[in-house]
Amino acid sequence: MSTSPITEDDLNAFVDNALDPTRHAEVIIYLDSHPPIASRVAAYRKQREHLRNALAPIAEEPLPPELNLARLVADQHRPRSTPKWAMAAAVLLLSVGGIVGWTLRDMDLRSSTGLELVAQQAANSYRAYAADGYRPVEVRAEDRAVLAQWTARQLGRTVAIPDLTVSGFRFMGGRVVPTDQGPAAMFMYDDDKGIRLVMLARPMWADSDLPMSPYSNSEINGYAWFDDGLGYSLVGPVEAARLHPTADEVRRQLRNSV
Amino acid sequence: MTQDMVKLIEPIVPALRRYARALLKDRSAADDLVQDCLERAIEHWHQRRKDGNPRAWIFAILHNLAMSRLRRSGRTPTHVALDDAHNESLSVAARQEDHLQYRDLLHAIDLLPEDQRTVLLLVTVEDLSYADTAQALNIPIGTVMSRLSRARERLLKLMSGDAQPQSDHPHLRSVK
C-alpha cells in the first residue's frame, strides 16, 4: 500500500495529536525509519508539553471578582436610561458650543487641511468613545430615529445613517459631539471581533466638494471627504485596504440618500 | 439565551486569562483586557455566527483587543522587561527543578516574532484547532501551519542556544 508523502504539516499535526488514526500510524512508521526527524518531532512534543506546563498555573488561579461572568451579564443588562434633565443639559451645552463654533467656522480652509481636520476630529471621537466599554454611544442603534432627529436639529441638516452590513460592520448608535467648528454627528459601528469604526459628519461652510483622502495617526486609519456641504470622515483601527472600500460604501449611500 | 451564554463562556475564562497574560505579561493589564473581552462577548453574543466555534470567536475578540492594546502602548511583547515580568506576573508554581527551565522557555517565547508566538500559543496551549486558530486570527489556515512550523523550529534553536536571538535581549540563557 502506498501512502502520500509525509509533509511538515503532518509532523506538526502529529505533535498536536490532530491527525486521524491512519495518518498518525503512517507518521509513526515514517519516523521509525528517519531518526533525525524523529528526534526533532520528539523535541517539538517536549516543547509543547513544557509550554503547557509552564503556563498552566495561570489558568488555575482563582478568578478575580471582576471576571465573574454572571455579574458582568447583570451589569450589562441594567437599564441605562439617561435622565431627561441630563439630556436637556447636554443639548444646551452643545448649543452653546455651536454658537461659539459658528464664529470659528471659516477656519475650514479651502484645502486638504480641512479634510485632515475632519479626520482628526473623527479620530478624537474614536479615542474618546470607541474605547469606552460601558457606554460608547449615547443613543443606541434601536433608537435610530431619535438619533437622526437629534443630529439634524444640532447640525441644521439631515445626515443619513449608513448601513455597513455589507462591509461586515453593524451600526451601534451615535451621538452629537462638539468640534471647534460646531456640533458634529458621530456614528459608531463594530464587527464580529469587536473592532469599532467611527464616522463623523459636520457642515463645512467654506469648502466645496473634495475627493476622498487618506488619514493615518498611530494605530488609527481614516478617510475624509467633503460632499454637498458636509465634511465626512470614517476612522478606525483597521488597515487601509479594508477601510477604503468601507468608506466608499459610506459615501455611496450618503450620496444616494440625498 | 443568557444561561446558554454563561454555560459556554464561563469555562473559557481561565484560558482567556492565560492567553492575555502570556501576551501582555502584566497580571492586572491582562485581566482588564479579559474583562473588556467578556463585556464585548456578552454584548455581541447574539450577533456571533451560530455555526462557528464560540471559543474561536471569543479568542478572536481577545486577540484583537490585545493587539490594539500592545500597539497603543507602543510596544510589542518582546520589549517588556522580561525579568520583572516573569518574577511577578508570570511566576509559575512549577516543581522546583522545572522552574528554571520553564522560565527560560517563557523567555524564548518572547523572542519569537509576534505572529509566530500567537499561533503557537493558541494551538499548543489553548488547544484551538488549526481551523479555529485561522478564524481567530483572521488568516488562512496555510498561514497558521507555516507560522506554527517556523515557531517550533525557531523555539527549538533558541532553547538549544544555537540561534542568535532576533532582538539583542541579554537575558536568554541556554538550558543545555
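Strands β6 (residues 220–227) and β7 (residues 230–236) of chain A run antiparallel and are joined by seven bridges. Strands here are DSSP runs of E at least two residues long, helices are runs of H or I of at least four, and both are numbered from the N terminus. Within this pairing, W225(A) has Y232(A) in β7(A) as its bridge partner.

A quick note on what you're looking at: this is a predicted model, where local features need pLDDT of at least 70, side-chain atom pairs count only at pLDDT 80 or more, and totals for chains, interfaces and linings use all residues. Residues are numbered from 1 along each chain as its sequence is written, while chains are lettered from A and ligands numbered from 1 in the order in which they are written.

Now for the whole sheet. Seven strands of chain A make an open, antiparallel sheet, in the order β1-β2-β3-β4-β7-β6-β5; two strands pair if DSSP finds at least two bridges between them. At the edges stand β1 (139–140) and β5 (210–217) of chain A, each with a single partner strand, so one side of each has no neighbour in the sheet.

Angles run from 0 to 180 degrees between N-to-C directions, with axes fitted to C-alpha atoms, for helices over the stretch in contact.

| Helix (chain A) | Strands touched (chain A) | Angle between directions |
|---|---|---|
| α7 (residues 144–155) | β1, β2 (170–177), β3 (184–190), β4 (196–203) | about 30° with β2(A) |
| α8 (residues 240–257) | β4, β5, β6, β7 | about 25° with β6(A) |

Let's zoom in on R170(A), which sits in strand β2 of chain A. Beyond its neighbours within four places in sequence, R170(A) contacts T165(A), Y189(A), D190(A) and Q47(B).

The contact between the chains takes 35 residues from chain A and 48 from chain B. On the chain A side, α1 (8–15), α3 (35–60) and α4 (69–77) each supply at least two residues, and α3(A) gives the most, with 13 residues.

Chain B itself has nine helices and zero strands. Of its 176 residues, 45% are buried.

Key. Contact = placed C-beta atoms within 7 Å. Buried ≥ 20, exposed ≤ 12 C-beta atoms within 10 Å, placed from the backbone.
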